[in-house]
Amino acid sequence: MHESLPVAIVTGASRGLGSVVARILASRGYGLVLNATQPGPLDAAAASIARSSPRQQRVVAVGGDITDAAVRARLVDAARGLGGLNVLVNNASVLGAIGPLMEFDVQRFGRVFPVNAGAPIALIQLAVPRLAEGRGLIVNITSDVAHGAYPGWGPYGASKAALELLTRTLAAELREKGVSAILVDPGDMRTRMHQEAFPGEDISDRPLPDVTAPFWNWLFDQAPEAVSGERFAAQREDARWLQQV
Ligand SMILES: NC(=O)c1ccc[n+]([C@@H]2O[C@H](COP(=O)([O-])OP(=O)(O)OC[C@H]3O[C@@H](n4cnc5c(N)ncnc54)[C@H](OP(=O)(O)O)[C@@H]3O)[C@@H](O)[C@H]2O)c1
């Protein structure tokens, strides 16, 4: 019965880390609502994940920009159509311009803050009533740049630093509703975003996002309230998830 299955929303699920997390959730029996801007790659990813779903759970693709309120509403409606919402993974993100702040045209903050910090919070606002029905978990994807103060990475790093504070604040504010919120820093991974960050460089020494699978499988075994407010580094050699492999 589809109604009895857990349900997750994953943004930025057409490739990279988002598609890996979606596949892991599918392998664990979740019905899925997946999002990315470009419908073609998203539909292909959704179809591939649906084919490998062990319980033939439904996988719904909702194409569109996560900064668009109508897209966010469609995501939460689709989750409700699958029976509810247990996990929300805010993974979609943009790098924006890389370069020194002294040369930075402030207008070019552009989409970085709305996509990386604003849209996740707006989606959470819509999703919390559904998440509260089942001790739900919010997972916001961050980066070491939120702490690193790396030259050239100011705007992207600041957007992730904002997301981190917002997430920790949410974890405290939502506790009484029974909704949990955590941060996950996936570490360097060989993805399109990483290649954009190092244009023309050989990034073949970086691992594929599948390297984070042990962490995700451990995380989704935990009671959400036991991890709420925490920040995890998914590639850390941590006995909690490496013992499971
Ligand atoms: N790769 C790394 O080394 C690294 C390191 C630390 C943290 N991270 C974080 O990990 C997460 C995933 O990154 P990734 O490396 O897997 O990136 P990626 O391969 O470039 O994938 C990004 C995904 O987000 C979607 N997306 C981008 N803007 C969107 C928007 N406005 N609305 C909806 N979907 C949008 C993209 O699809 P469309 O193009 O179709 O929109 C794609 O599915 C990000 O939060 C990133 O900040 C990555």
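Is Asn90 buried or exposed, and at what relative accessibility? In this predicted model, Asn90 counts as buried, because its relative accessibility of 4% falls under the 20% cut-off. The residue is found in strand S4, which covers residues 87–90.

**Individual residues**

Ala61 belongs to strand S3, residues 59–63. With a relative accessible area of 29%, Ala61 is partly exposed, because this value lies between the 20% and 50% limits. The C-alpha atom of Ala61 is separated by 8.3 Å from that of Leu32, and the two residues are 29 apart along the chain.

Two residues other than glycine have a positive phi. Phi of Gln56 is near 50°, and Arg135 has a phi of about 50°. Gln56 is found in the loop between helix H2 (39–51) and S3, whereas Arg135 is placed in the loop between H4 and strand S5 (137–141). Gln56 has a relative accessible area of 65%, over the 50% limit, and is therefore exposed. Arg135, at 47%, counts as partly exposed.

| Residue | Relative accessibility | Class |
|---|---|---|
| Asn90 | 4% | buried |
| Ala61 | 29% | partly exposed |
| Arg135 | 47% | partly exposed |
| Gln56 | 65% | exposed |

**Helix H4**

Helix H4 comprises 20 residues, 112–131. From its first C-alpha to its last, H4 reaches 26 Å, which is close to the 28 Å expected at 1.5 Å a residue. The helix bends by about 40° at Gly118, and Pro120 follows within four residues of that position. H4 is mostly covered, with 14 of its 20 residues buried.

**The largest pocket**

The largest pocket has a volume of about 890 Å³. It is lined by 41 residues, of which Asn91, Ser93, Val94, Thr191 and Met193 are the closest to its centre. Several elements each supply at least two residues of the lining: helix H1 (16–27), strand S2 (31–36), helix H6 (154–174) and helix H7 (192–197). The largest share, five residues, comes from H7. By class, the lining of this pocket consists of 17 nonpolar, 15 polar and nine charged residues.

**Aromatic pairs**

A pair of aromatic rings is described by the distance of the centres and the angle of the planes. The structure holds eleven aromatic pairs. One of them joins Trp153 and Tyr156, whose ring centres are 6.0 Å apart; their planes stand at 55°, so the pair is tilted. Both Trp153 and Tyr156 are buried.

Trp216 and Phe220 form a stacked pair, with 5.8 Å from centre to centre and 20° between the planes. Trp216 and Phe220 are likewise buried. These two residues also belong to a cluster linked by ring pairs, together with Tyr30, Phe215, Trp218, Phe232 and Trp241.

Note on methods: Residues are numbered from 1 along each chain as its sequence is written. This is a predicted model: local features need pLDDT of at least 70, side-chain atom pairs count only at pLDDT 80 or more; totals for chains, interfaces and linings use all residues. Side-chain values use heavy atoms; hydrogens and water are left out. The expected span of a helix is 1.5 Å times one less than its number of residues. The bend at a residue is the angle between axes fitted to the seven residues ending there and the seven starting there. Buried means under 20% relative accessible area, exposed over 50%, partly exposed in between (1.4 Å probe, protein chains only). On a 1 Å grid over the protein atoms alone, a cavity is a set of points where a 1.4 Å probe fits but cannot get out, and a pocket is an open set with protein on both sides within 12 Å along at least five of seven lines; lining residues have an atom within 4 Å of a point. Grid points are joined across faces, edges and corners, and a volume is the space filled by probe spheres set on the points. Ala, Val, Leu, Ile, Met, Phe, Trp, Tyr, Cys and Pro count as nonpolar, Asp, Glu, Lys and Arg as charged, and the others, Gly among them, as polar. Rings of Phe, Tyr and Trp (its six-membered ring) pair if their centres lie within 6.5 Å; planes under 30 degrees apart count as stacked, over 60 as edge-to-face and the rest as tilted.
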